[in-house]
Amino acid sequence: MDVELEVVAVFGGSRVVRLRNGRLEIRGGEPAERAEAREWSSLFCHEALPGAR
């Protein structure tokens with residue numbers, strides 16, 4: 001069962017999602033897209049440390 005609750009941002013094939021427990025994860029995409037998502041998270045969601053899936 002997928003516990004994804006909300007897509008916060010999309011970078012090509014990569015998504016930053018907020019889970020029901022409030023945690024952010026980066027899902028899917030190519031390495032460059034995931035790097036862009038991490039950079040965005042560090043600037044705009046700096047209180048969260050996203051994991052990767």
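**Entry 1. Terms and overall layout**

I first noted that helices (H or I, at least four residues) and strands (E, at least two) are DSSP runs, numbered from the N terminus. With that in hand, I found 1 helix and 4 strands in the chain. I read the order of the elements from the N terminus as β-β-β-α-β. I recorded that this is a predicted model, in which local features need pLDDT of at least 70, side-chain atom pairs count only at pLDDT 80 or more, and totals for chains, interfaces and linings use all residues. I also recorded that residues are numbered from 1 along each chain as its sequence is written, and that side-chain values use heavy atoms, with hydrogens and water left out.

**Entry 2. Confidence**

I looked up pLDDT, which is the predictor's confidence in each residue, from 0 to 100. The chain averages 83, and 77% of the residues score at least 70. Where is confidence lowest, and where is it highest? I found the lowest mean, 54, in strand β4 (residues 51-52), and the highest, 92, in α1.

**Entry 3. Surface and burial**

For single residues, buried means under 20% relative accessible area, exposed means over 50%, and partly exposed lies in between (1.4 Å probe, protein chains only). By this rule, 28% of the 53 residues of the chain count as buried.

I then turned to contact, which means heavy atoms within 4.5 Å. Among the contacts with a separation of 6 or more, 29% are made by residues 24 or more positions apart.

**Entry 4. The nonpolar core**

A nonpolar core is a set of buried Ala, Val, Leu, Ile, Met, Phe, Trp, Tyr and Cys residues joined through side-chain atoms within 4.5 Å. Which residues make up the largest nonpolar core? I listed 7 residues: Ala9, Phe11, Val16, Leu24, Ile26, Ala37 and Cys45. Strands β1 and β3 each supply at least two residues of this core. I noted the general rule that in soluble globular proteins, nonpolar side chains tend to be buried together. Leaving out residues up to four places away in sequence, I saw that Cys45 touches Leu24 and Trp40.

**Entry 5. Salt bridges**

A salt bridge is a side-chain nitrogen of Lys or Arg within 4 Å of a carboxyl oxygen of Asp or Glu. I noted that side chains of opposite charge can pair when their charged atoms come close. How many salt bridges does the structure hold? I found 3 salt bridges in the structure.

One of them joins the side chains of Glu6 and Arg18, at 3.6 Å from N to O. Glu6 lies in strand β1 and Arg18 in strand β2, so this pair ties together parts that are 12 residues apart in sequence. Glu6 is partly exposed at 38% relative accessible area, and Arg18 is partly exposed at 27%.

I next examined Glu25. Its side chain meets that of Arg23 in a salt bridge of 3.2 Å, N to O. Glu25 also forms a salt bridge with Arg27, with the closest N and O atoms 3.0 Å apart. Glu25 counts as buried because its relative accessibility is 9%, whereas Arg23, at 42%, counts as partly exposed. Arg27 is buried, as is Glu25.

Is Ser14 buried or exposed? I found it buried, because its relative accessibility is 0%. Ser14 is placed in strand β2 (residues 14-19). Its side chain reaches the backbone oxygen of Gly28 at 3.4 Å. Beyond its neighbours within four places in sequence, Ser14 has contacts that include Ala9, Ile26, Glu33 and Arg34.

Arg34 belongs to helix α1 and is partly exposed at 25%. From C-alpha to C-alpha, Arg34 and Arg15 are 8.1 Å apart in space and 19 residues apart in sequence.

**Entry 6. Two loop residues**

I placed Gly12 in the loop between β1 (4-11) and β2, where it is exposed at 62%. I placed Glu30 in the loop between β3 (24-27) and α1 (31-44). Glu30 counts as exposed because its relative accessibility is 52%. Glu30 and Gly13 are 17 residues apart in sequence, with their C-alpha atoms 6.9 Å apart in space.

Methods: Polar contact = N/O pair within 3.5 Å; in protein donor to acceptor, adjacent residues only side chain to side chain.
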